[in-house]
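Open your viewer and get ready to click. This tour tells you what to select next and what to look for when you get there.

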Amino acid sequence: SIRRQRQMCKETGPISVKKAMKRVDGVKSVEVDYKTKIATVVYDPSKTTPTEIAAASTDVGYPANEVTS
């Protein structure tokens, strides 16, 4: 999971983050929970890393980092 570090705009933040993360090669699915500020990402580890996925969120204005369960 990836934790966002900044409050999202209720209407567009989750959409922006989801779109940005889904554009990363190897990402299969993204689910964003606005309430917990956590994006759950299914990805192919042979094609990308949590750091690259988090960077995609950061690049659209929503800093993020990997969260381990």
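How exposed is S16, in terms of relative accessibility? S16 counts as partly exposed, because its relative accessibility is 27%. Buried means under 20% relative accessible area, exposed means over 50%, and partly exposed is in between (1.4 Å probe, protein chains only).

Before the next stop, some ground rules. This is a predicted model, where local features need pLDDT of at least 70, side-chain atom pairs count only at pLDDT 80 or more, and totals for chains, interfaces and linings use all residues. Residues are numbered from 1 along each chain as its sequence is written, and side-chain values use heavy atoms, with hydrogens and water left out.

**Stop 1: the whole chain.** Switch to cartoon view. The protein chain has 2 helices and 4 strands. Follow the sequence and you read β-α-β-β-α-β. Helices (H or I, at least four residues) and strands (E, at least two) are DSSP runs, numbered from the N terminus. Of the 69 residues in the protein chain, 35% count as buried.

**Stop 2: S16 and its surroundings.** Select S16 again. S16 sits in helix α1. S16 touches both V60 and Y62, not counting residues up to four places away in sequence. Contact means heavy atoms within 4.5 Å. S16 and Y62 are 46 residues apart along the chain, yet their C-alpha atoms are separated by 8.8 Å.

**Stop 3: G13.** Stay in helix α1, where G13 also lies. G13 counts as buried, because its relative accessibility is 0%.

**Stop 4: the core.** Select V17, A20, M21, V24, V27, V30, A39, V41, I53, A56 and Y62. These 11 residues form the largest nonpolar core. A nonpolar core is a set of buried Ala, Val, Leu, Ile, Met, Phe, Trp, Tyr and Cys residues joined through side-chain atoms within 4.5 Å. At least two core residues come from each of α1 (13–22), β2 (27–33), β3 (38–43) and α2 (50–59). The largest share, 3 residues, comes from α1. In soluble globular proteins, nonpolar side chains tend to be buried together. Zoom in on V30. Its contacts are K18, M21, K22, A39, T40 and V41, leaving out residues up to four places away in sequence.

**Stop 5: helix α2.** Select P50, I53, A54, A56 and S57, which are buried in α2. Look down the axis of α2: these buried residues fall within an arc of 145°, so they line one face of the helix. The arc is that of the directions from the helix axis to the C-beta atoms. On the other side of α2, T51 and D59 are exposed. After α2 comes G61, with a positive phi near 95°.

**Stop 6: two loops.** Go to the loop between β2 and β3 and select K37. The phi of K37 is positive, near 60°, and K37 is not a glycine. Most residues other than glycine have a negative phi. Next, find D44 in the loop between β3 and α2. Beyond its neighbours within four places in sequence, D44 is in contact with G26 and K28.
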